[in-house]
Amino acid sequence: MTIDFQNILPKTETEYTAMVNLFANKSADLTTRFVKVFTQREIGLYLNTLATQEKWVSIASHHTPLTDESVIAVPVPCLWTDQGYKIEELEKVSASITGCDALIAQTGSVMLSSRTAGGRALSILPPHHIVLATKNQIVPDLPTAYRMIREKYSPNYPSMVSLVTGPSRTGDIERILVLGAHGPRKLTIILVEEV
Amino acid sequence: MRITLFAPCFIDALYPGIAMKAVKIFENLGHQVNVPEELACCGQPAFNTGHWDEARAVASKVIESLWDAEAVVLPSGSCTAMIRKFYPELFAESPLSEKACRLAEHTWEFSDFLVSHLKVTDLGAVFNATVTFHDGCHGLRELGIYQQPRELMSHVKGLTLVEMEAIQCCGFGGTFSAKFPEISTTMGDSKINMALETGAEYIVSNDSSCLMHIRGLADKQHRHIKTIHLIEILASNE
Amino acid sequence: MNNLAKKFHQDAAHMAENVALRNVIATGLGKYAEGRDKKIADFQDWQKARETASQIKRESLNNLPQNIQQLTEKLTSRGTHIHFAATGSDVCRIVLNILRQKKAKLMIKSKSMTSEEVHLNKALEKEGFKVVESDLGEFIVQLRQEPPYHIVFPAMHLTRYQISDLFHDKLNSQPTENPETLTMIARQNLRSQYIQADVGFTGANFAVADTGMISVTENEGNSRLCGSLPKTMITLIGIEKVIPRLEDLPLFLPMLATVGAAQNLTAYNTLYSGPKRPEEPDGPEEYHVILLDNGRSRLQKDPVYREVLKCMRCGSCLNVCPIYKSVGGHTYNATYSGPIGSVLMPKLFGMAAYKHLSFACSLCCACRDACPVKIDLSHLLLKNRETLSSQFAPKYEKLAFKGMSALFNHPLFWSLGKKLAWIGQKLHPLIEGSAIDPAQCWTATRKAPKLVWHSFKDLWKKYKS
């Protein structure tokens with residue numbers, strides 16, 4: 001059976017600016033930091049500021065045109081995960097910078113995979129996860145995102161696909177929200193409009 | 001209209017005044033009331049305890065007596081749910097199946113009958129008190145009765161309704177209250193606490209069995225809250 | 001009454017006295033309920049979502065053998081090892097074999113109620129393996145050596161002060177009242193264990209048949225770490241968790257988060273389609289998926305009880321259950337507590353042993369209305385009772401209901417009975433509430449209602465004439 005998602009799931013937007021605004025609102029609710037920039041150079045500038053503010057010692061990333069260009073601007077050593085790495089070293093980095101498969105306006109989520117985010121651990125082990133996304137990656141809702149995963153990969157799916165919604169959290173102690181239970185305490189999403 | 005008033009066992013033996021007031025309310029509205037004197041119970045105690053054959057023995061008599069009545073009204077949500085929801089299942093593959101379904105179609109809980117069927121909401125009642133309302137679970141969740149009693153109370157002069165913090169079972173549950181008194185009592189205490197927090201003088205309900213449980217607890221523990229059936233309020237002109 | 005039933009009554013009575021603990025539970029569930037209602041309101045049509053989810057689950061269970069076949073074929077084609085476990089001890093044996101084969105010492109686990117069901121930790125520890133629970137709540141209850149209190153909120157019965165004392169005792173940490181500091185103590189403690197662990201173990205929430213994927217829902221990221229760092233990964237899943245299509249997830253994931261955790265979505269919803277692929281930089285080299293039956297296929301063959309296999313283990317029936325709120329999770333003494341447990345435990349693990357749970361319910365139906373996949377839990381409890389009463393009811397109970405039927409069905413008996421009872425009640429105050437009171441199960445805590453001499457039928461006859 002096919003599901004009539006249109007009239008069931010929470011409302012969403014389909015026009016680009018409205019989708020970005022909805023994504024920004026959802027991010028605020030989730031305590032995700034959402035930043036919209038115009039050029040790729042601005043990503044570098046923004047990361048540079050973060051590096052100073054948060055006193056980064058090292059970072060980790062994987063090779064994509066977008067990450068390669070952005071990481072250059074960060075004045076600390078970078079561990080590249082593409083060809084394998086030591087877990088102990090990844091555990092020590094201050095932040096990770098990855099790509100993604102999609103941003104979902106409806107829920108403020110990021111869809112990423114072992115293929116688009118530098119493997120499995122890069123997006124979950126370091127304390128601050130930074131996602132880089134482009135304008136054409138934002139989609140209206142969850143059904144679109146999952147359809148896209150099938151269209152993009154079937155039948156050669158990445159070994160892991162993860163829908164990430166906000167930073168790691170727990171409510172296991174008296175149902176009080178605490179961020180950064182085991183995964184990243186901070187999640188930053190940078191959307192670049194002109195690439 | 002010819003209304004068959006079926007007063008279930010505990011109303012017959014413990015709270016006859018409630019049923020008599022229901023008779024008067026219907027007669028004042030110009031309807032004719034009759035009472036099936038040969039019936040005592042709907043069979044719910046046996047059904048809920050799992051003794052379905054014994055429940056059928058009682059229920060089949062109810063079906064044979066009432067299946068062709070014009071309208072059957074019960075002053076109890078729980079017994080109404082038994083007839084409306086569970087008789088058709090209990091007799092699904094029996095010769096009584098069709099009659100059970102017919103009966104289910106024209107059986108009503110008192111407040112639901114007034115508001116949904118007779119379209120009567122103002123009975124000219126007067127009751128000077130602040131009250132809170134306890135929804136009997138079967139009336140609420142099996143029959144969807146929520147707005148009807150509130151609608152009726154909203155037209156009672158002098159009455160102020162304050163809602164409890166949450167809708168929750170009082171802990172009666174038929175034979176459950178005797179099989180698990182420790183749990184039943186804890187639930188009842190929590191209900192009384194919630195009612196007292198509203199500052200109301202009375203707990204009103206459309207189910208006498210819940211009220212019997214709450215009353216019994218409150219009396220034993222000397223907790224100061226009165227209990228009253230909705231029908232008694234609707235018949236009041238103090 | 002069997003020992004489990006006796007203990008249930010005793011523990012329920014203790015909980016009746018333990019107002020402080022009941023308040024902890026009420027506060028926790030109160031916060032949950034408020035959040036859940038807001039998230040439900042975000043859906044355009046929550047009732048339609050429930051109906052659709054129920055239909056998909058039903059469809060999936062009707063075709064369970066085919067769905068399992070599709071799932072396992074796809075998973076196998078990408079190099080996953082599939083194991084079928086008929087019973088709980090099979091699961092333990094399979095996991096032990098993997099641990100031995102990999103010469104493993106330490107297994108790090110994320111939350112899995114199914115592993116609780118088969119008592120996996122106990123079996124592994126008995127054979128000398130170290131098992132560490134990584135979900136914060138599970139980590140806490142593992143330190144206390146007790147089972148989870150709730151399907152979704154394992155440590156909901158504990159205050160921050162108790163957790164602080166526990167960490168001070170077991171981990172030598174400084175006492176603190178701050179939940180964030182407590183969480184960071186657990187985070188620090190577990191970091192090295194993820195890295196050292198030879199095997200990562202996860203439960204699962206769904207298995208997608210048409211793409212061959214395992215779906216894991218969580219908030220903390222611990223499950224992601226269990227699935228990323230160790231060289232071997234094991235997932236245990238009940239066979240009933242299979243859903244037909246990848247495109248069903250956009251419905252189930254937000255529904256599960258809404259009722260399970262009062263969120264629009266949990267932080268991580270992860271799909272695993274196999275071990276690390278050659279072109280990927282990390283991930284487990286071996287992936288084992290264990291499919292557990294343990295009585296489920298027996299239920300699947302029963303058209304009435306097949307419904308209960310729709311359950312996603314979201315815990316929302318527990319959260320609205322007035323019995324659960326009154327007795328707490330541990331009183332059930334069962335892997336699955338609350339309404340779903342009261343239906344499931346007798347059906348899976350013995351009607352005789354767990355029959356008391358089917359009767360420990362006031363039939364308020366709040367669970368049925370809260371269930372996101374529309375399992376008619378209260379009705380299934382009634383069905384349990386029907387089976388139990390025909391098989392196990394004491395003779396006096398059967399006799400009593402037969403007697404009551406006769407009493408109700410003969411107007412003369414009924415009217416005589418009422419008069420006799422009225423006379424009897426005149427003497428009742430002498431013994432009311434005492435140990436020799438035949439109505440003690442009522443009168444120990446409640447006053448008996450007063451019978452009247454003139455019943456309604458008497459008044460009616462008089463009124464008519």
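## Domains of chain C

In this predicted model, the C-alpha centres of domain 2 and domain 3 of chain C lie 57 Å apart. The domain assignment of chain C gives domain 1 as 1-42 + 315-393, domain 2 as 60-297 and domain 3 as 406-464. These bounds come from an automatic or database domain assignment.

A word on conventions: residues are numbered from 1 along each chain as its sequence is written, while chains are lettered from A and ligands numbered from 1 in the order in which they are written. Because the model is predicted, local features need pLDDT of at least 70 and side-chain atom pairs count only at pLDDT 80 or more, whereas totals for chains, interfaces and linings use all residues.

## Helices packed within chain C

Let us look at helix H17 (residues 351-359) of chain C, which packs with helix H16 (residues 338-349) of chain C at an angle of about 170°, their axes 8 Å apart. Helices here are DSSP runs of H or I with at least four residues, strands are runs of E with at least two, and both are numbered from the N terminus. Axes are lines fitted to C-alpha atoms, for helices over the stretch in contact, and angles run from 0 to 180 degrees between N-to-C directions. H16(C) and H17(C) are therefore roughly antiparallel to each other; angles under 35 degrees count as roughly parallel, over 145 as roughly antiparallel, 65 to 115 as roughly perpendicular and the rest as oblique. From H16(C), C:Gly341, C:Ser342, C:Met345, C:Pro346 and C:Phe349 meet C:Met351, C:Ala353, C:Tyr354, C:Lys355, C:Leu357 and C:Ser358 of H17(C). Two residues are in contact if their C-beta atoms, placed from the backbone, lie within 7 Å. This contact of H16(C) with H17(C) has seven nonpolar, three polar and one charged residue. In these classes Ala, Val, Leu, Ile, Met, Phe, Trp, Tyr, Cys and Pro are nonpolar, Asp, Glu, Lys and Arg are charged, and the others, Gly among them, are polar.

H17(C) also packs with helix H1 (residues 3-17) of chain C, at an angle of about 25° and with the axes 8 Å apart. That makes H1(C) roughly parallel to H17(C). C:Leu4, C:Ala5 and C:Phe8 of H1(C) make the contact with C:Ala353, C:Tyr354 and C:His356 of H17(C). By class, five of these residues are nonpolar, one is polar and none is charged.

## Where chains A and C meet

Two pairs of chains touch, and the pair with the most contacts is A and C. Here 52 residues of chain A are in contact with 63 residues of chain C. On the chain A side, the elements giving two or more residues are helix H4 (87-92), helix H5, strand S9 (160-164) and strand S10 (169-170). That side has 24 nonpolar, 17 polar and 11 charged residues.

Helix H5 (residues 142-153) of chain A packs with helix H12 (residues 249-261) of chain C at an angle of about 130°, with their axes 9 Å apart. That makes H5(A) oblique to H12(C). Their crossing is right-handed. A:Leu142, A:Pro143 and A:Tyr146 of H5(A) meet C:Leu249, C:Pro250 and C:Pro254 of H12(C). The contact has six nonpolar residues, with no polar and no charged ones.

## Where chains B and C meet

Chain B gives 50 residues to its contact with chain C, and chain C gives 47. Among the elements of chain B that give two or more residues are helix H2 (16-28), helix H4 (52-66) and helix H11 (181-197). The chain B side has 27 nonpolar, 12 polar and 11 charged residues. No contact joins chain A and chain B, whose closest C-alpha atoms lie 20 Å apart.

## Chains A and B on their own

Chain A has five helices and 12 strands, and its C-alpha trace spans about 50 × 45 × 35 Å along its principal axes. Chain B has 13 helices and eight strands.

## Two backbone details

A cis peptide bond, with omega about 0°, joins A:Ser154 and A:Pro155. A:Pro155 lies in the loop between H5 and S9 of chain A. In chain C, C:Asn294 has a positive phi, near 50°, and is a residue other than glycine. C:Asn294 sits in the loop between strand S10 (286-292) and helix H13 (296-300) of chain C. Most residues other than glycine have a negative phi, and most peptide bonds are trans.

Definitions and conventions:
A crossing is left-handed if the near helix is turned anticlockwise from the far one by less than a right angle, and right-handed if clockwise.
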